[in-house]
Amino acid sequence: MLRGGIPLGRVFGISLKLNYTWFIIFALVTWSLTVYYFPDAFPEWSTVTSLVAGIITSLLFFCSVLAHELMHSIVAQKLGIPVHSITLFVFGGVSQMSEEPKTPKDELRIALAGPLTSIALGLIFGAIWYWLNPQYEFVLGIAFWLFWINLALAAFNLIPGFPLDGGRVLRSILWWRNKDLQKATKIASNIGRGVGYLFIFGGVFLVFQGLWINGFWLALIGWFLENAAVGSYQQVALLGMLQGHTAREVMTRDCPAIPPGLTLDELVNEHVLTTGRRCFPVTTDSRVLGLVTLSDIRAVPRSAWPTKRVSEAMTPLEKMKSVSPDDDLSKVLRYLTEGDINQVVVLDNGDIAGVIGRDNLLSFINLRGELGA
Ligand SMILES: [Zn+2]
């Protein structure tokens, strides 16, 4: 749900996306500003003035959240961690980093970059408000709201529950002290879950007090936080399980080469059904053109099998992600999840040594899970 979004463009090589759920928060913030906040603070404003101020404030709030997220990413990139994209959604932003930070110090820097940006922005808006007071009422109203919302944003993000920024700060300290990333993640994400439950109970309490909008909202944030904490821990545990194991260990070997002119019918009858193999490199003159897997075959309607050639059904090599036999499995997992692809090809000096599909990785993980390793 959080992966998709409307592309907004690229900044520092990071693609910015707006998830559809973000429009909910935009509408809610604009509405509450226009209907409650501005009419309360400035009763003499017309509805149109309040609405214009509401929209401008919401857009600046959006820019503030973006700046917070962007600073995390810029610092991460400076420390050598590529950041793919930032997606803004209903509760803020998610930076898609391709790796975990390498050291506790890096993690601390990346985690603090966001809240520090929010604090700086809050102070800037506060200074604008302070200097202009009591003139330029229109600007004052906007600046004051942005002053406290940015500080609130920093405060919320500094709650020490993983995967919030404060939880990352906590994790970096535990990681630095115990030299154990997984254990640190476990503690920090358990606190994250605890905070999530606290929010849910707080939300339910508020609902019983009759504050059902605030209560519902708080409980929703809590529920989201609890889920995120569980998910982030699982991800780190999974990476820990894969680390130190290489592509060679799980790849499907002996993929027999086939010529590009073969029809799918011939491929199925003469190669797939008789050998039980699942991957077939398409080669001419020992040059690899691409790969045909069972899912490529399935994508073609059965009626077209007698005429369709493997060269048309294959995934061309340049469209596939490749790893070397000695590459870490965490890299393979990253490729599979980031690229939304079903398999990576293992190349050894330009030759196909094997293929790793999602199922290969899954059975490796399951097996190790069952053995309690
Ligand atoms: Zn943050």
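Modeller: Strand β1 (residues 6-11) and strand β2 (residues 14-18) run antiparallel and are joined by five bridges. Strands here are DSSP runs of E at least two residues long, and helices are runs of H or I of at least four residues, both numbered from the N terminus; two strands count as paired if DSSP finds at least two bridges between them. This is a predicted model, in which local features need pLDDT of at least 70 and side-chain atom pairs count only at pLDDT 80 or more, while totals for chains, interfaces and linings use all residues. Residues are numbered from 1 along each chain as its sequence is written.

Within this pair, arginine 10 has serine 15 of β2 as its bridge partner. The hairpin of β1 and β2 has two residues between the strands, and there phenylalanine 12 takes a positive phi near 50 degrees. Strand β2 is also joined to strand β3 (residues 83-89), this time by four bridges and in the parallel sense, with leucine 18 facing leucine 88 in β3 as its bridge partner. Strands of a sheet pair through backbone hydrogen bonds, either parallel or antiparallel.

Six bridges link β5 to strand β6 (residues 287-293) in the antiparallel sense, and proline 281 stands opposite leucine 291 in β6.

The domain assignment, which comes from an automatic or database source, divides the protein chain into domain 1 (6-242) and domain 2 (247-370). The C-alpha centres of these two domains lie 41 Å apart. Their contact (C-beta atoms, placed from the backbone, within 7 Å) takes six residues from domain 1 and seven residues from domain 2. On the side of domain 1 that touches domain 2, helix α7 (residues 212-242) gives the most, with four residues.

Leucine 225 touches Gly161, Gly192, Val195, Gly196 and Phe199, leaving aside residues up to four places away in sequence. In soluble globular proteins, nonpolar side chains tend to be buried together.

Note on methods:
Two residues are in contact if their C-beta atoms, placed from the backbone, lie within 7 Å.
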